[in-house]
Amino acid sequence: MPEGHSVHRIARQFARNFVGKSIRLSSPQGRFVDGAAMLDGHIMTDARAVGKQMFLEFDNGLWLRVHLGLYGAWDFAGDIQAHGTDAAIKGRRRRTVRRGAGDVMQGLAGEDSLQSIGAPRLTRLRMAEDEKVSVEPDGFPPAPIGQVRVRLLADDVVADLRGPTACVVLDSQEVHVAMDRLGPDPMLDDSRAAEDRFVTVVRKKPTPIGRLLMDQLVVSGIGNVYRAELLFRARLNPYAPGKSLSDEQSRALWRDWAHLLKIGVSTGQMMTMDGLGDAAYGRALRRRADRHWVYKREGLPCRVCGTHIALEEMAARKLYWCPKCQA
């Protein structure tokens, strides 16, 4: 499932390529015809991410709320510009290139580099849990591929959404209600007030901290990967009740989440190991196996103590942790 950094990156692509333009909306799949008609032909005025949810505003006062869930993904095509740069991904006929979490091409230049969203000068960019680039046949707009729930088409760019958990039109009041229900997101607000909100909720709850971090009403954006890595970095037992954490421990979790989220938005990868040299950092960008402390490392020795990393189930999700370091 895409975690918070991915959704923020997607929102930035919309801000860069769609905001300020008149957008034609359609539902090639046929499951969002009425919703698309409500927004069709209007100018996109804003694109925001809050945790794992994205909100696109139009000039008629309506918003499109999208939650990708487990299977959702966006495909961008056309004259796509990387958010924060003036360099464009131009349509060219050439061999297909696939880049996923295992071998994504990443530079060290951060989010303003085309490499930060894949390889340069390729026409189709898929953004979900991973980011992949490939080449489409000549001609714009490209034909929809697969079950496209909604297509957003401007003169020079197109975005296709498939497989979302939620895709609905809301008015401004409904958007405020939806946003207010979500826990704080440090990419939107890293103030002391947001930190206090997180700490207060955590320290009241008897619920295990491993479950609280995945609760989007407690804190926005954390999924299975960041949950496992944050708890290991803090040396916290995932089964420890939230109310057993000290004020210092709770605040350290919030600040580390803000730190890792910014790295994720910048690089496009959930980089959770600090202090890597250039060579090790390059390997970590290319290979998931080299970028995490415990996630997907079940049965392998802990990088710190050598104990085998455990794989258990918590709230119907896989939990990775070190029974010794996090005792």
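Aspartate 274 is partly exposed, with a relative accessible area of 42% (buried means under 20%, exposed over 50% and partly exposed in between, with a 1.4 Å probe and protein chains only). Its side chain forms a salt bridge with arginine 233, the closest N and O atoms being 2.8 Å apart; a salt bridge is here a side-chain nitrogen of Lys or Arg within 4 Å of a carboxyl oxygen of Asp or Glu. The pair links distant parts of the chain, 41 residues apart: arginine 233 belongs to helix H6 (residues 224–234), whereas aspartate 274 lies in the loop between helix H7 (247–267) and helix H8 (278–286). Helices (H or I, at least four residues) and strands (E, at least two) are DSSP runs numbered from the N terminus. Elsewhere, salt bridges that share partners join Arg192, Glu195, Asp196, Arg203, Asp247, Arg251 and Arg255 into one network.

The model is predicted, so local features need pLDDT of at least 70 and side-chain atom pairs count only at pLDDT 80 or more, while totals for chains, interfaces and linings use all residues. Residues are numbered from 1 along each chain as its sequence is written, and side-chain values use heavy atoms, with hydrogens and water left out.

By the salt-bridge rule, the count comes to 15. One of them joins the side chains of aspartate 156 and lysine 21, at 3.0 Å from N to O. Aspartate 156 sits in the loop between strand E10 (150–153) and strand E11 (157–162), and lysine 21 in the loop between helix H1 (4–17) and strand E1 (24–26), so this contact ties together parts that are 135 residues apart in sequence. Aspartate 156 is partly exposed at 30% relative accessible area, and lysine 21 is also partly exposed, at 26%.

Strand E1 takes part in a further pair. The side chains of arginine 24 and aspartate 40 meet in a salt bridge of 2.8 Å, N to O. Arginine 24 is in strand E1 and aspartate 40 in the loop between helix H2 (33–39) and strand E2 (44–50), 16 residues apart. Aspartate 40 counts as partly exposed, with 26% relative accessibility.

A search of the whole structure finds 2 cavities of 30 Å³ or more. A cavity is a set of points, on a 1 Å grid over the protein atoms alone, where a 1.4 Å probe fits but cannot get out; lining residues have an atom within 4 Å of a point.

Conventions: 1 Å grid on protein atoms, 1.4 Å probe; cavity = no way out; pocket = protein on both sides within 12 Å on 5 of 7 lines; lining within 4 Å. Points joined across faces, edges and corners; volume = space filled by probe spheres on them.
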